[in-house]
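Look at the structure below and keep it in view while reading.

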Amino acid sequence: MSEYSLLDKLVSIYRDEEIRHPLLRAVTLAQWILESGRGTSELARDHYNFAGLKWRKEMAGFATKVAYDAHDGADFYCKFATMENFVAGYWAFLNRSPYSGWESHVATPEDFIGFIGPTYAPSNPEYAENVLNLVPEARQRLNAPRDAAPLDNGNIDTGKRSLGAIVIDPGHGGTQNMAGSDANHAISVSGVKEKKLTLDFCLLLRDEILSRARPDEAVKVVLTRDSDKNLPGRERARMALTHKAKLFLCLHFNGAANPSIRGSETYYRARENGNINLREDMAFATAVQSALYLSLKSLDGGARDRGIKPDNEGNPDLPGFGVLNDRNLGNDERPDPCRAAYIEAEFITNPSVEKLLISGGNAMANRRAAMGAVAEAVLQAMR
């Protein structure tokens, strides 16, 4: 059973991010490897700050401010809600006056890091050399075969008790709307897009499932996407048939014009929409909804349980969600239908949710706790 490090996840995202100077992708990753101790630093783990970026007012569109006691003393640092925000924020950080002229030094990695290094780490004359020594490792990670990217954790170890497979679907993605999947819907109070949060939470959920499985258990976890791309709803759902998955779990976030609205809810395929395993779907939806809500309630007394709902909620003529469609899931082609649920984890337009799960000092720990609770429900359902 494979598990993925924080650095693995950063590499998976960075290799697909569009940047103005692609030639600098490896050297900047090398810099982040150095600064974050290969993704093990507290700044990286709790704030997605892989580069040790201190807070500056120009970073307001990319990060929030967090107090942090670093090796050189306490100061305010950048807290990024997602790894994609970190990537964009890093390049914005360089566009500040202390680094004026850096875009005249992009012909080679050596020229780039040689120019920004003395400003970035003024007390370390060997900084540029230390970064360049890590460029081969960065290139190796970035150039790994695409099938080595963490869309799934490989074949299930047959020497253990197999729990089967789960497909996890991070909602939305990319920039173009697809059939049954818009690029993005909700935007948080601090401006973070739903599509970025769904990917981050689903990566955490995958890790929690793998780490919480018992030593004698093997489970396969498949992601429908591991980068900022959009897939049609039917293509997402079809992965359940491709991988003969027991479970399909889609994760989204809500938004509302009224910022006071909040709460978690989980959808299942409605009877009127042809659900062929209604009882099982409802049981799975109930399990993940209860786990998520109780976890959030333990972290914030204002959490609300909006319950489980059919995907035609209150209107039997609504066609429901394509990712829950039994034909899309392939349930009409197999004797053991996949159980499916669709989580709307919270309203990210609510300021309390913003602090709890996005920009608060404990947001990352809270995310892990919430996804850990859902992981336990998932594992129990698979057992």
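Contact means heavy atoms within 4.5 Å. Helices (H or I, at least four residues) and strands (E, at least two) are DSSP runs, numbered from the N terminus. This is a predicted model, in which local features need pLDDT of at least 70 and side-chain atom pairs count only at pLDDT 80 or more, while totals for chains, interfaces and linings use all residues. Residues are numbered from 1 along each chain as its sequence is written, and side-chain values use heavy atoms, with hydrogens and water left out.

Start with helix H9, residues 233–242. Its buried residues (under 20% relative accessible area, with exposed over 50% and partly exposed in between, for a 1.4 Å probe and protein chains only) are Gly233, Arg236, Ala237, Arg238, Met239 and Ala240. What covers the buried residues of H9? The cover includes strands E3 (161–170), E4 (217–223) and E5 (247–254), along with helix H11 (326–329). After H9 comes Lys244, with a positive phi near 50°.

Next, take helix H10 (residues 278–299) and helix H13 (residues 363–382), whose axes come within 9 Å and cross at roughly 155°. Axes are lines fitted to C-alpha atoms, for helices over the stretch in contact, and angles run from 0 to 180 degrees between N-to-C directions. Angles under 35 degrees count as roughly parallel, over 145 as roughly antiparallel, 65 to 115 as roughly perpendicular and the rest as oblique. H10 is therefore roughly antiparallel to H13. Residues of H10 in the contact include Phe284, Leu292 and Leu299, and those of H13 include Asn366, Met371 and Val378. By class, this contact of H10 with H13 has 15 nonpolar, two polar and no charged residues. Here Ala, Val, Leu, Ile, Met, Phe, Trp, Tyr, Cys and Pro count as nonpolar, Asp, Glu, Lys and Arg as charged, and the others, Gly among them, as polar.

Helix H1 (residues 6–14) and helix H2 (residues 25–36) also pack together, at an angle of about 160° and with axes 12 Å apart. H1 and H2 are therefore roughly antiparallel to each other. On the H1 side, Leu7, Leu10, Val11 and Tyr14 meet Arg25, Thr28, Leu29, Trp32 and Ile33 of H2. Seven nonpolar, one polar and one charged residues make up this contact of H1 with H2.

Finally, consider the whole protein, which has 13 helices and eight strands. Buried residues are 56% of its 383 residues. Its C-alpha atoms fill a box of roughly 65 × 50 × 40 Å, taken along the principal axes.
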